[in-house]
Amino acid sequence: MSKAENFAVLGQNVDRFEGHDKVTGSAAYVADVFLPGMLTGRILRSPLPHARIRNIDTSRAEKLRGVKAVVTAEDTIKKGWGVFFPDQYPLSVGKARYVGEEVAAVAAIDRDTAEEALELIDIDWEELPAVFDAAEAMQPDAPLIHEEKENNIALTIDVVRGDIDAAFKDSDLVIEDSFESVPQWHSAIETIGSVADYSANGKYTVYMNTQTLFMARMRLATALGVREADVRVIQTAVGGGFGGKSCDDNNAMVAAILARKARRPVKIINTREEEFLAGSRPRVNMKVWMRMGFKKDGRIRAKHMRIIADNGAYSGKAPAITGVAALRHDTCYKYSDVRSEAYLVYTNKIPTGAFRGFGNPSAEFSVEQMMDIAADELGMDPFEMARLNAAEEGYVSPHGNRVISCELRQCIDRTERMIGWKEKRAARKPNRGLGMGCTVHVSGKRHFGDYDGSSATIKMNEDGKAFILSGEGETGQGHWTAMCQIAAEELGVPFSDVAISEADTDLTTFCLGNYASRLTYVAGNAVKNAATAVKEILHETAAEMLECDPSDLVSRDGFIFVKGAEQRSISVADVVRGRQFRRGGAPVVASGSFDADSVSQDALRYGNESGAYNFGCQAAEVEVDPDTGHVKVIQYAVASDCGTVIYPIGAEGQVEGSIAQGLGYALIEGIRMEEGRPVNPNFSDYRLASMRDMPDLVHEFADSYEPTGPFGAKGLGELGMDPVAAIISNAIYDAVGVRIRTLPITEEKVLRALQEKKNGS
Amino acid sequence: MRAKFEYLAPTSLDEVCALLQEHEGDAKLLAGGTALVMWLRMGLLSPGYVIDLENVPGLDGITYDPADGLRIGAGVKHRDLELCPEVREHYPLLQETFYKVAQPRIRLMATVGGNLSHGDPMTDPGASFMALDAEVTLRSSRGERTVSVEDFFVDYYETALEPDEILTSIHVPPPAGPAWSHIKFTPRSEEDFATVGVAVTLTGTSSRCDDARIALNSVGPTIFRARAAEDVLRGRDLSPARIEEAGAAAADASDPIEDVRGSSDYKRDLTAVFVHRALEQAAARLG
Ligand SMILES: Cc1cc2nc3c(=O)[nH]c(=O)nc-3n(C[C@H](O)[C@H](O)[C@H](O)COP(=O)(O)OP(=O)(O)OC[C@H]3O[C@@H](n4cnc5c(N)ncnc54)[C@H](O)[C@@H]3O)c2cc1C
């Protein structure tokens, strides 16, 4: 429950920090970066899903007037890179493994010249047999995509907790089912792009619209074969990330390689078509088989899950995503006997990767339907069943996730009331149905080395304004605003007296970036710690100036007061001036850092993966047209437990955006491939839910406080996305008695299922 | 590679016709550009000349006369037609149809002439114009001719326009009666193209249908009139059985392709459902 804190700045809808720049169009996106002498880079991509390169002849392209550099693997160190498995190259070495893979690239004085040059590159291809389905790729006779990976398996997980066989025997009800998800595409309004420069002293400077600044630098350094500090990465404004701009693609690598060869800056911005082919890495699609055992009273007794996850041609973050799908959801409900198997399998398609939810949406699509099926079979109300099983404070999941704050039951109660569950169930309408589900997510995850932390520096200006130096970066979610609020709250200055830097690896200290719903919690703690340290310095000087003890001082509204004698006060500005402009003066500056109290999972994947867990419950009311199969979402209710809400409008935006993306995932989205080529690579064929398609959305935040979070806050950004598809499926079942187990739940699938049901009975 | 073409900006219809004749087959007219620019970008068209209609007088304006009906300049924007008071009052079917096209950003740019001339079977206005018996005027240096909207759509992205012709206006006869209906089925998103589109007008009474016009989009290589379905109703009653029969006849006449919106079987099934529903709605308006 919330600790009654009287916040001055938190919880207020302040003016978004970079809002004016964005609404007036002055924010500089990567397309707005122009360096003197800058060239345009274009990439030659593999037209084949799996093919050996017998020879590449670039001589004709090199001779074209206006071409300044042509590069192939011969211009690279031919060393693999990748966050978990170093299996991808900036430019194909020996063979290409999916349609769209980067094979060669050109830098020229303009785009038309560069594109003309691409047509002059001659490649002698030897087409190889390809495989597009993960389950087929595991078969012994399937073509090998990476010769050293037997059966195309990139990763296997098989963990057993408790006594799974005994638990199933002890169950009163055992159900089994299979589900399948699809690759969903981020559809960020801005495609991936970069501008790379290479200076004579051997240093690269790369402007990128990345959401993970220092991770991008690490990967660039590996791919280029240089030390980290030889690469400077500067984040531009980012037009949407959702995981797709967390640097698992080759755009910046290729720009850097071209810049070095051309000795001129090179800009490469993916076209929309390229973005679909080889840009942001779509959601990992999974086939999920499940068996669950329940006691008569509705308690979960045993859970067995087997996942086949589609890696695409290279690994990126899919290994971690597969782990999340296999294990995370066991933090939502209480039980101890679990078996989780997962296989991550290479196919000749675009590599899959990080997308809001990170494996959890596929898992929740499966588990939250199993819960609904069980409730139905046991004749139980799904809300009752959720309440009975819900995780609570102090729960430790079978895999070692330690829950500190948890308001899941509160969320369940709020959602039940918001959607009007009891009333609507008592007065059922034809073809209308209700569905619900629960969700859990992390606030940061320890999986890149043994670190899930952040750091920030705050320096004070003579006018009393604070400036935060942070490399976490803004991706569009309002992170900068939340950090300024936290710093203002802790420093006791008005929000308008705090500013934050752009993310720049040369100027800010190490941090990991924007993923895993981590920034408010992890970076928020680091900023708060930096502010505490700065406040101590300020109080030390103020105490000298006010002739009192530092421990007697409080800061508020840009002034420092003596407790109990508030007429004895001094402005923060005067304190900073006083400290700087004196003999032996010094800047008022301090750093803060934070590393979450989580651990790296051990070899058996046991261990508390995050510092804090966020929870939620959602419900939907749908109406199904029995003649067409069309599903209309009438109302959607969401309750989220994200601890203290720092920036309400930003938090609401996260909820609304999650539901919009979740509904798209449930009902309409999904990249469709034929022979490894996307058949819907444009926004006419790949449809997104638009503003007009949103249902009536009702939402509440739980009254909640996370003791380890900054002022009680924890993560939120992904939580809402995770369970939506299952909830829609549950509501459809409730409405018309058919259950669709594959995404997206199209009207045609619903209509055919209804017809089958009619014919069957 | 991006398309390269010469941009021409004539200032009279005669000049447009002369340019079309001069560059016959190698020129494309540019109206709102919402379809043309996309096709150029995707490399589906590579004309040597693009003729901009922006500065050409005589293509704008909507006039209504009770005796003559409605005349719409080819250059009228979707949004202007949708908001025109006379259209709202006398041709609610058109008002509703245009309101359902894409979203305001597109409707503010796209022209009525561009929509029809594009010949895209998935566009909406063509079916409603057909159900109202509209005709288009086509002009070239050779002269002027009128063609019914029904005959204007020839095949997949193919219209009756000759390479040297420009569509200058659309004429809709005076409204025959109040009974109409329009259904645009967009299950993926309200902003999507139709999975099935149906426009219906009826005259007569509920016990005797004097005339019926049923036009469909998105379920065949062109927008088309389901004449067999009309025949089921003409001169007969509008009983549920009759309406059902008409729906089935329309589905028989459809020839949809499979795409991201569904299989051809599904779209054919839906054609029956939506023609049925549209007829019910229109019949209810007959009173
Ligand atoms: C995002 C999006 C959504 C859409 N959704 C819908 C929808 O829901 N329903 C729908 O009906 N349509 C929809 N459309 C299609 C839209 O209606 C057409 O793009 C538009 O009507 C074309 O009009 P325009 O003036 O922009 O034509 P242009 O793009 O300028 O031209 C289209 C074609 O017609 C030719 N042309 C133009 N004017 C004339 C003329 N006077 N005489 C002869 N030829 C001419 C051009 O040469 C070109 O071949 C959508 C389009 C977009 C981009």
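A:R328 is buried, its relative accessible area being 2% (buried means under 20%, with a 1.4 Å probe and protein chains only). The model described here is predicted, so local features need pLDDT of at least 70 and side-chain atom pairs count only at pLDDT 80 or more, while totals for chains, interfaces and linings use all residues. Residues are numbered from 1 along each chain as its sequence is written, and side-chain values use heavy atoms, without hydrogens and water.

Where in chain A does A:R328 lie? A:R328 sits in the loop between α9 (318–327) and β15 (338–346) of that chain. Its side chain makes a polar contact of 3.5 Å with the side chain of A:H441. Beyond its neighbours within four places in sequence, A:R328 is in contact (heavy atoms within 4.5 Å) with residues including A:N360, A:V440 and A:E609.

Turning to the complex, the predictor gives an ipTM of 0.95 and a pTM of 0.97. Contacts between the chains involve 26 residues of chain B and 25 residues of chain A. Eight salt bridges are counted between the two chains (a side-chain nitrogen of Lys or Arg within 4 Å of a carboxyl oxygen of Asp or Glu). One of them pairs the side chains of B:E191 and A:R692, at 3.9 Å from N to O. There are also 14 residue pairs in polar contact between chain B and chain A, both residues at pLDDT 80 or more (a pair of N or O atoms within 3.5 Å; within protein, one must be able to donate a hydrogen and the other to accept it, and residues adjacent in sequence count only if both atoms are side-chain atoms).

How values were computed. Chains are lettered from A and ligands numbered from 1 in the order in which they are written. Helices (H or I, at least four residues) and strands (E, at least two) are DSSP runs, numbered from the N terminus. Buried means under 20% relative accessible area, exposed over 50%, partly exposed in between (1.4 Å probe, protein chains only).
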